[in-house]
Amino acid sequence: MTEKTFIAGFGGQGVISLGQMWVYCAMKEGLIVSFFPFYGAEKRGGIARASVIVSEEEIASPIVAKADTVVIMSQDSVEIAEEKCAQGGTILLNSSLVKTDPNRPDAKILHIPCNEIAEKIGDGRIANMVMMGALSQTTGAVKLDHADEILKTFFPPSKHGLIPMNIKAIEAGKQACLSCE
Amino acid sequence: MSKEIRLMKGNEAIGEAAIRAGCASYFGYPITPQNELTAYMAANMLPAGRIFIQAESEVSAINMVYGAAATGVRAMTSSSSPGISLKQEGISYLCGADLPAVVVNVARAGPGLGGITPAQGDYFQSTRGGGHGDYHTIVLAPKGVQEAADLTFEAFELSDKYKIPVLVLADGLIGQMMESVVLPDPVDMAALPRKPWAVGHQARDKRGVNHVSSMNLDPATLEKANLKREAHYDMVKKELCRYEEMQVEDADLVIVAYGTSARVSMSAVQAGRAKGLKIGLFRPITLWPFPYERIAALAEKEGRKFLSVEMSMGQMVEDVRLAVNGRAPVAHYGRTGGMIHNEEEVLAAAERMLNA
């Protein structure tokens, strides 16, 4: 199993955190991982993107040329991200902010209203964790079944109070993905 | 007990490996894409009882390395391409004084101030000395985070052993990317070999006065010193050449690539083999000394071709040509300016050459 994912969004949406958390959880689930972030020199804004690979085998190139799954968090990253999708791959759209479908009739497109779900749970900033749940559900590559234990080793103890909300976001993301598949 | 696996950025893994290797003093100046390395050292050197100084410039930092190395401690600096250019005078002085030191270049795109994204355009500078005068530094090229940690750790050992500065040549991708890494065990700093040539503490240690300098105004004496160093280089060339091979035995086309380009080329080889193409990969790990002899031996096979894949306009390709010495076709493929080729582009270049 090798899952190559390309994630894009605007700076501040947690694109880099989503990629990091994804590979960290994958590593804790026993997979080999690579994560390569790419962003401009801007302090805020701009388009942030991440090439992320989780695999049962040694990873050759860490650059994702053709992604099995593309995650699009914002409208302005559609153009950059849509062409990264492999033929017949999956595109996960944050439908709260992306209002036009990518021009990829070959791809399976799943609409996840990440910001709306996150705000319902209590904080719009965990929209990226909603998306991580959806990514787990649709790829099956990283199970996230024990994410609460894993996140405890990722975050310093001062942030452990936020973990239950993040877990809720991940679970809601899985559910949202199930209901649109 | 199995060792702890950690998820780290290349820059951080290099910093932690240096601390574990007994780096007693780090001198740096910020530049993207190696900033996490300087930041890691700022956060972790002082608590470990070591010295961290953010110098006022790259020139200052490399000269602080010279001073620290002359006292016999393990010393290090790091930067990215334009900053490494600024350090070249100091690296030449270190080589002239036969001092060990570790310099890390997390390379970015040039020339000039260029851009902040990964590139391999510093190959000539790294392998041809880089500064003025007849000298070389040992150059190690990691292909990922694990090897960045391992080679940085080993760089301190090699530098002490040979009394030659060691350059770890990474790039912005290896510095910025995160992979899992198992770190080497820390050395016992008290047990590191003594350096009787070092300056300082002579009264305490009851040693004679030592003088560490790269200056030598008598041409005959300087020539003798340079000849002696050259003989030393010949020994290093015999002992240290290191490389990795992937499916080269039956290959009609051998891709030669290091660092990030080697990782991408691994994927291209896998994709090419899946299509039935006989492609292999030769990855130099030491860029100086360069594995000329092994490449020359590979060029003996009838009809074999070589493609040097680099994120540059073609620099290592000249070393491949020197090694092959006209016995086989050699070409270059690569992106530049901070653009990174992907496996499809590399495979397409390999197929063009196979069909040419």
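This is a predicted model: local features need pLDDT of at least 70, side-chain atom pairs count only at pLDDT 80 or more; totals for chains, interfaces and linings use all residues.
In which hand does H3(A) pass H4(A)? H3(A) passes H4(A) in a right-handed crossing.

Two packed helices are described by the angle between their axes and the distance between the axes. For helix H3 (residues 114–121) of chain A and helix H4 (residues 127–139) of chain A, the axes come within 8 Å and cross at roughly 115°. H3(A) and H4(A) are therefore roughly perpendicular to each other. On the H3(A) side the contact is made by Cys114(A), Asn115(A), Ile117(A) and Ala118(A), which meet Ala127(A), Val130(A) and Met131(A) in H4(A). By class, this contact of H3(A) with H4(A) has six nonpolar residues, one polar residue and no charged residues.

Read from the N terminus on, the elements of chain A run β-α-β-β-β-α-β-β-α-α-α-α. The C-alpha trace of chain A spans about 40 × 40 × 40 Å along its principal axes. With 181 residues, a compact globule would have a radius of gyration near 16 Å, and the 15 Å of chain A agrees with that.

An open sheet of eight strands, with mixed pairing, has the order S6(A)-S5(A)-S4(A)-S1(A)-S3(A)-S2(A)-S8(B)-S1(B). Its edge strands are strand S6 (108–112) of chain A and strand S1 (6–9) of chain B, and each pairs on one side only. Neighbouring strands of this sheet are turned by 20° against each other on average, direction ignored. Within the chain A part, strand S1 (residues 2–10) and strand S4 (residues 67–72) of chain A pair in the parallel sense over four bridges.

Where do the strands of the two chains pair, and in what sense? S2(A) and strand S8 (residues 178–181) of chain B pair in the antiparallel sense over two bridges. Ser34(A) has Glu179(B) as its bridge partner in S8(B).

The contact between the chains can also be counted by residue. In it, 16 residues of chain A are in contact with 18 residues of chain B. On the chain A side, the elements that give two or more residues are helix H1 (15–28) and strand S2 (32–38) of chain A. S2(A) gives the most to this side, with six residues. By class, the side of chain A that touches chain B has 13 nonpolar residues, three polar residues and no charged residues.

H1(B) lies across S1 and S8 of chain B and runs at about 105° to S1(B). H1(B) also has a helix partner: the axes of helix H1 (residues 10–20) and helix H7 (residues 145–162) of chain B come within 8 Å and cross at roughly 25°. Are these helices roughly parallel or roughly perpendicular to each other? Angles under 35 degrees count as roughly parallel, and H1(B) and H7(B) are therefore roughly parallel to each other. H1(B) passes H7(B) in a right-handed crossing. Among the residues in this contact are Ala13(B), Ile14(B) and Ala17(B) in H1(B), and Ala148(B), Ala149(B) and Phe153(B) in H7(B). The residues of the contact of H1(B) with H7(B) divide into eight nonpolar, two polar and two charged.

Chain B as a whole has 14 helices and 14 strands. Its C-alpha trace spans about 70 × 50 × 45 Å along its principal axes. With 356 residues, a compact globule would have a radius of gyration near 21 Å, and chain B agrees with that at 21 Å.

Chain B also holds an open sheet of seven strands, in the order S3-S2-S4-S5-S7-S6-S12 and with mixed pairing. Strand S3 (51–54) and strand S12 (286–288) of chain B are its edge strands, each pairing on one side only. Here neighbouring strands are turned by 20° against each other on average, direction ignored. Inside this sheet, strand S5 (residues 102–107) and strand S7 (residues 166–171) of chain B pair in the parallel sense over six bridges. In S7(B), Leu167(B) is the bridge partner of Val103(B).

Methods
Residues are numbered from 1 along each chain as its sequence is written. Chains are lettered from A and ligands numbered from 1 in the order in which they are written. Axes are lines fitted to C-alpha atoms, for helices over the stretch in contact, and angles run from 0 to 180 degrees between N-to-C directions. Angles under 35 degrees count as roughly parallel, over 145 as roughly antiparallel, 65 to 115 as roughly perpendicular and the rest as oblique. A crossing is left-handed if the near helix is turned anticlockwise from the far one by less than a right angle, and right-handed if clockwise. Two residues are in contact if their C-beta atoms, placed from the backbone, lie within 7 Å. Ala, Val, Leu, Ile, Met, Phe, Trp, Tyr, Cys and Pro count as nonpolar, Asp, Glu, Lys and Arg as charged, and the others, Gly among them, as polar. Two strands pair if DSSP finds at least two bridges between them. The radius of gyration is taken over C-alpha atoms; the globule rule is 2.2 Å times the number of residues to the power 0.38.
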